[in-house]
Amino acid sequence: MSIKKMSRLGKALVSVSLSVGLLTSVSMFTEAPAAHAATVSASSKANSIIATGKRYMGVRYQFAAPSGRTNAFDCSSFTQYVYKKNGINLPRSSKQQSKVGTYVPKSQLKPGDLVFFYSPIHHVAIYIGNGKILHTYGKPGVTISDMNSGWWKSHYATARRVIH
């Protein structure tokens, strides 16, 4: 091969390398805001879900409370109602809810995740951050509990993420 052809080939390779490098750089910058927007959107949705749930603090607990009712909830009618108010449809029972979304290890919980207790599943709560859950049961009705102590700690089962 002549030196002239090698020089043209070298220039072409440099040109291709630079083009690929520029495209990679550009795509990194254009994808980052979209990824950030998705995180902000999920975080904003979680905050809205938690705020909606907190509006019902103290509302009494009633086993098998009908869906859509707000003067009494059971654990899964509460989560179903709160998420539906924020555009996310959940099945009616805690056992059914434990099968939607994606599995989340306890160490990676984020606000807005659904947290389940007992085995088999018989209770659902909304993770609100810092080891706290928003849920309803027994005497307190809708309340906030520490999931890392007492009964809640020893009966933790799993968690699911339904906000994406």
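Is Asp74 buried or exposed? I looked it up: Asp74 has 6% relative accessibility and counts as buried. My cut-offs for relative accessible area are under 20% for buried, over 50% for exposed and partly exposed in between, with a 1.4 Å probe and protein chains only.

**Ground rules.** I am working from a predicted model, in which local features need pLDDT of at least 70, side-chain atom pairs count only at pLDDT 80 or more, and totals for chains, interfaces and linings use all residues. Residues are numbered from 1 along each chain as its sequence is written, and side-chain values use heavy atoms, with hydrogens and water left out.

**Salt bridges.** I searched the whole structure and found two salt bridges, taking a side-chain nitrogen of Lys or Arg within 4 Å of a carboxyl oxygen of Asp or Glu as the criterion. In one, Asp74 pairs with Arg92, with 3.0 Å between the closest N and O atoms. Asp74 sits in the loop between α1 (3-54) and α2, and Arg92 in the loop between α2 (75-84) and α3 (94-97), 18 residues apart. Arg92 is partly exposed, at 25% relative accessibility.

I then checked Arg161 and Asp113, whose side chains form a salt bridge at 2.9 Å, N to O. Arg161 belongs to strand β6 (residues 156-161), while Asp113 lies in the loop between β1 (102-103) and β2 (114-117), 48 residues apart. Arg161 is buried at 17%, and Asp113 is buried at 2%. I took helices (H or I, at least four residues) and strands (E, at least two) as DSSP runs, numbered from the N terminus.

**Sheet.** I read the strand order of the open, antiparallel six-strand sheet as β1-β6-β2-β3-β4-β5. Pairing requires that DSSP finds at least two bridges between two strands. β1 and β5 (141-146) are at the edges with a single partner strand each, so one side of each has no neighbour in the sheet. I counted four bridges between β2 and β3 (residues 123-129), which pair in the antiparallel sense. Phe117 has His123 of β3 as its bridge partner.

**Core.** I found 24 residues in the largest nonpolar core, where Phe78, Tyr83 and Ile126 touch the most other members. Such a core is a set of buried Ala, Val, Leu, Ile, Met, Phe, Trp, Tyr and Cys residues joined through side-chain atoms within 4.5 Å. α2 gives the most to this core, with five residues. For Tyr83 I listed contacts (heavy atoms within 4.5 Å), including Ile49, Asp113 and Ile126, leaving out residues up to four places away in sequence.
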